[in-house]
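Good morning, everyone. I would like to take a few minutes to go through one structure with you, so please look at the sequence and the model as I put them up.

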Amino acid sequence: MTEKTPTVGDLVRPTPKIEVPEEVQDAVRTLIRWTGDDPEREGLIDTPRRVARAWAEYAKGYNEDPSLHLSRTFEEVGGYDEIVLLKDIPFQSHCEHHMAPIIGKAAIAYLPGDRVVGISKLARVLHGFARRLQVQERLTRQVADTIWEHLEPRGVAVVIEASHACMTARGVNTPGVMMTTSRIIGTFREDERSRKEVLALMGY
Ligand SMILES: [Zn+2]
C-alpha cells in the first residue's frame, strides 16, 4: 500500500460536516414556525441544519477540559517574576438565559510562581469556558480559578467586558451597554500596590 502525499487541498479541507439528528432539525423548524414563518420555504429549508451546526460550534467547550491547556508549563523563566498579561482577547459566548450572544473582550493576568505557560494558552482557557451556555460572572470566575488552581501562580486577575445581545437587541434595548466583571486572586487581591499595577496595565 502506498501512502498518498497530502496536497494543499487535503490540508485546507474543512472538517467534515457533522450529521444533524432529525429531532434537532425538527426543534428548529418548530421555533421558526412559532415565530411566524414557514420552515418549508426555500430560504429556510437548510436553516435547521445550519443552526444546529452553528450551535455545535458555539457549544464546543463542553467537549473539552480547559485546564488541560495549562498542563504544559515551562519552569525556566529566567528569573522573570513580573506580571504576565494578555489583554483585548476577543471572545464570543452565549447567555444561558436567552441563548443570545455575549460578545466581548477579556484581559487575563497572572504573577508567575515557578511556572509559566505559552501565552496563547490563556486565551484557550477563556474560549474553552466561553463556548458554553454562560453567565458572565461565572465565565470570569472559571477562567481565573482554573489558572489559579492549575498554574499555581502568586496572583491572578481576570477582567471581562462584554455586551449581551439579550439586553442590547431586545428587552430593555440598550445598544452599546457593556458589562464588566472581574475576579482578582492572591497577591493581586491582598497587595493594593500590586492590584493597582495590574489594573493599570490592563487599562483600568
Ligand atoms: Zn440573556
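Let me begin with a question to keep in mind as you look: is Cys95 buried, exposed or partly exposed? Before I answer, please remember that what you see is a predicted model. Cys95 has 18 other C-beta atoms within 10 Å, and since a residue needs 20 or more to count as buried and 12 or fewer to count as exposed, Cys95 is partly exposed.

Where does Cys95 sit, then? Cys95 is found in strand E2, which covers residues 84-95, and, if we leave aside its neighbours within four places in sequence, it is in contact with Ala100, Ile102, Gln134, Val135, His164 and Cys166.

Let me turn to another residue, Thr181, which lies in strand E7, residues 179-186. Thr181 is partly exposed, with 18 other C-beta atoms within 10 Å, and, not counting residues up to four places away in sequence, it touches Gln136, Glu137, Thr140 and Ile160. Thr181 and Ala106 are 75 residues apart in sequence, yet their C-alpha atoms are 9.6 Å apart in space.

Now for the helices, with one example. Helix H2 runs over residues 22-35, and at 1.5 Å a residue its 14 residues should span 20 Å, which agrees with the 20 Å between its end C-alpha atoms. After H2 comes Gly36, whose phi is positive, near 115°.

Finally, let us step back to the whole chain, whose secondary structure comes to 8 helices and 7 strands. Its radius of gyration is 21 Å, well over the 17 Å that the globule rule gives for 204 residues, so the chain is more spread out than a compact globule. The chain is divided into domain 1, residues 8-58, and domain 2, residues 68-202, and the C-alpha centres of these two domains lie 32 Å apart. Of the 204 residues, 24% count as buried, and among contacts between residues at least 6 apart in sequence, 69% join residues at least 24 apart.

Key
Residues numbered from 1 in each chain as written. Predicted model: local features only at pLDDT ≥ 70, side-chain atom pairs only at ≥ 80, totals over all residues. Helix = DSSP H or I, 4+ residues; strand = E, 2+ residues; numbered from the N terminus. Rg over C-alpha atoms; globule rule 2.2 N^0.38 Å. Contact = placed C-beta atoms within 7 Å. Domains from an automatic or database assignment. Expected span 1.5 Å × (residues − 1).
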